Amino acid sequence: MILKKNLFGKNNNLSLINFNNKLAIKKKYAQNFITKYSRYHTEFFFLNTLRKNKIFNVSNILFNDKKNLYLIFEIIKGKKIKKVSRDDIKECLKFLKKINSKKVKKHFINFQKASDSCLSYEEHITCVEKRIISLLKTKSRSNSSLKIKKFLKKTLFKKFLELKDTLEKKYSKKKLKKKLSNNEIIVSPSDFGFHNIIKNKKKLFFIDFEYGGLDDPIKLLCDFLCNPDYKITKADQEYFKKKYFKLFYYKNIEEKFNLLFNFHKLKWCTMLLNDLISKKYQKRRFFAGQERNNLNLERKFKIAKIYYFNFFSK
């Protein structure tokens with residue numbers, strides 16, 4: 001019995017239901033996916049593997065329906081984190097360390113690459129370039145869309161080309177194309193951050209693994225620090241980076257991060273603009289039960305511009 005639809009999922013349909021006389025969460029997955037396995041299969045595999053390895057601060061599956069692509073989860077008691085603390089940062093590091101222990105990682109080596117995984121310099125660059133070009137190619141001709149396209153072309157894409165040119169002058173094509181080894185990649189939830197964490201007292205519970213797989217640790221780090229849904233102080237960012245580089249060290253990882261971080265800042269600018277002019281993302285939001293509000297286009301565009309200039313002003 002469905003008690004409430006469209007709870008808080010941006011990309012999936014989430015409902016509060018009565019399951020075996022208890023409240024539970026039903027998550028219906030979209031059918032489109034770009035990874036080896038479906039979003040349903042990815043999350044199902046991820047959660048079962050973690051729980052079999054005694055990692056219990058993740059969602060608990062009560063029921064699964066492969067045919068209709070949905071899972072039913074036990075409700076996690078707690079709240080979203082409004083103000084990130086140093087202890088929260090430490091708990092995130094502990095969780096990432098656990099899911100990348102040898103006994104856990106061996107189950108993922110033959111699994112799949114994470115959604116939008118980046119295993120070489122070239123793939124990091126291409127990931128951003130494709131997003132910008134995709135948005136520029138949208139056919140919307142509204143005044144708001146035209147303003148956004150102008151911003152994309154004159155500002156975002158111009159900055160992207162500057163960053164790309166710098167990197168291509170620094171390294172050979174062979175270096176840019178070289179992929180990480182299995183020892184260098186990590187098990188990544190992909191969509192990792194405080195937007196997907198529930199806190200109960202001092203314990204953190206991690207949710208949403210449907211995009212997960214193997215990836216460059218730099219990709220996860222960039223996304224974790226770029227996500228505008230929450231704020232991490234500069235001191236805590238530096239603390240997290242220092243510990244993270246030790247945890248997932250490979251040769252020149254810090255230098256690589258410094259070269260690629262700005263690319264991912266641009267990527268997050270495009271993600272803020274996706275809902276505004278991309279039909280693909282509008283369809284995804286429709287599936288999740290979220291209607292597009294044209295009155296908010298200008299406000300959202302302003303947020304995207306503020307995000308950009310906070311990072312790239314002078």
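This is a predicted model: local features need pLDDT of at least 70, side-chain atom pairs count only at pLDDT 80 or more; totals for chains, interfaces and linings use all residues.
Local features were assigned at pLDDT of at least 70 and side-chain atom pairs at pLDDT 80 or more, whereas totals for chains, interfaces and linings use all residues. Residues are numbered from 1 along each chain as its sequence is written, and side-chain values use heavy atoms, with hydrogens and water left out.

The chain contains 11 helices and 10 strands, taken as DSSP runs (helices H or I, at least four residues; strands E, at least two) and numbered from the N terminus. Of its 314 residues, 50% are buried (under 20% relative accessible area, 1.4 Å probe, protein chains only). Among contacts (heavy atoms within 4.5 Å) between residues at least 6 apart in sequence, 74% join residues at least 24 apart.

Three strands form an open sheet in the order β6-β8-β9, with antiparallel pairing; two strands are paired if DSSP finds at least two bridges between them. Because β6 (79–80) and β9 (203–206) each have a single partner strand, they stand at the edges, and one side of each is left without a neighbour in the sheet. The β6 and β8 strands are joined by 2 bridges, and Lys-80 lies opposite Ile-198 of β8. Between β8 (residues 197–200) and β9 there are 4 bridges; Asn-200 has Lys-203 as its bridge partner, and Ile-197 faces Phe-206. The hairpin of these two strands has 2 residues between them, and Lys-201 adopts a positive phi near 60°. Helix α2 (residues 86–99) packs on the sheet, touching β8 and β9, and its direction makes about 50° with that of β9.

Helix α4 (residues 121–136) comprises 16 residues and spans 23 Å from its first C-alpha to its last, close to the expected 22 Å (1.5 Å times one less than the number of residues). Buried positions in α4 include Tyr-121, His-124, Ile-125, Cys-127 and Val-128, as well as Glu-129, Arg-131, Ile-132 and Leu-135.

The axes of α7 (residues 217–226) and α8 (residues 234–247) come within 12 Å and cross at roughly 170°, which means that α7 is roughly antiparallel to α8 (angles over 145 degrees). Axes are lines fitted to C-alpha atoms, for helices over the stretch in contact, with angles from 0 to 180 degrees between N-to-C directions. In this contact, Pro-217, Leu-220, Leu-221, Phe-224 and Leu-225 of α7 meet Gln-237, Phe-240, Lys-241, Tyr-244 and Phe-245 of α8. These residues divide into 8 nonpolar, 1 polar and 1 charged (Ala, Val, Leu, Ile, Met, Phe, Trp, Tyr, Cys and Pro count as nonpolar; Asp, Glu, Lys and Arg as charged; the others, Gly among them, as polar).

Conventions. Angles under 35 degrees count as roughly parallel, over 145 as roughly antiparallel, 65 to 115 as roughly perpendicular and the rest as oblique.
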